[in-house]
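Trainee: I would like to learn how to read a structure like the one below. Please take me through it step by step.

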Amino acid sequence: MDWILEHWDDVLAVYGAIVVICSVIVKYTPSTKDDEILEKVVKILDKFSVSCKKKD
């Protein structure tokens, strides 16, 4: 757990990169089934996301 807390920014960066890469791949495929799956995954992850503002 300590590792996750220490590297939280890195974890979020990797998560963002994975979502972007999957989005590009999904848009290039002719099937709409994968579009629907990615949309559901993103909606679920959006429910768990929070907006954090660093204090100065």
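**Reading the model**

Mentor: Glu39 has a relative accessibility of 46%, so Glu39 counts as partly exposed. Buried means under 20% relative accessible area, exposed over 50%, and partly exposed in between (1.4 Å probe, protein chains only). This is a predicted model in which local features need pLDDT of at least 70 and side-chain atom pairs count only at pLDDT 80 or more, while totals for chains, interfaces and linings use all residues. Residues are numbered from 1 along each chain as its sequence is written, and side-chain values use heavy atoms, with hydrogens and water left out.

Trainee: With which residue does Glu39 form a salt bridge?

Mentor: Side chains of opposite charge can pair when their charged atoms come close. A salt bridge is a side-chain nitrogen of Lys or Arg within 4 Å of a carboxyl oxygen of Asp or Glu. Here Glu39 pairs with Lys43, and their closest N and O atoms are 3.4 Å apart. By this rule the count is one salt bridge. Glu39 and Lys43 are four residues apart in helix α3, so about one helical turn separates them.

Trainee: How many helices and strands are in the chain?

Mentor: Helices (H or I, at least four residues) and strands (E, at least two) are DSSP runs, numbered from the N terminus. The chain has three helices and zero strands, in the order α-α-α along the sequence.

Trainee: What share of the residues is buried?

Mentor: Of the 56 residues in the chain, 4% are buried. Cys22, in helix α2 (residues 8-28), counts as partly exposed because its relative accessibility is 32%. The C-alpha atoms of Cys22 and Leu38 are 7.8 Å apart, with the two residues 16 apart along the chain.

Trainee: Which residues form the nonpolar patch on the surface?

Mentor: Patches are made of residues with over 30% relative accessible area and no salt bridge; like charges are joined within 9 Å, nonpolar side chains (Val, Leu, Ile, Met, Phe, Trp, Tyr) within 5 Å. The members here are Met1, Trp3, Ile4, Leu5, Trp8, Leu12, Tyr15, Ile37, Val41 and Leu45, with about 1,000 Å² of accessible area together (Shrake-Rupley method, 1.4 Å probe; for residues, only the protein chains shown count as cover). Helices α1 (2-6), α2 and α3 (33-48) each give two or more residues to the patch. Trp8 lies in helix α2 and is partly exposed because its relative accessibility is 42%.

Trainee: What is the mean pLDDT of the chain?

Mentor: Where pLDDT is low, the predicted coordinates should not be read in detail. pLDDT is the predictor's confidence in each residue, from 0 to 100. The chain has a mean of 82, and 84% of its residues reach 70 or more.
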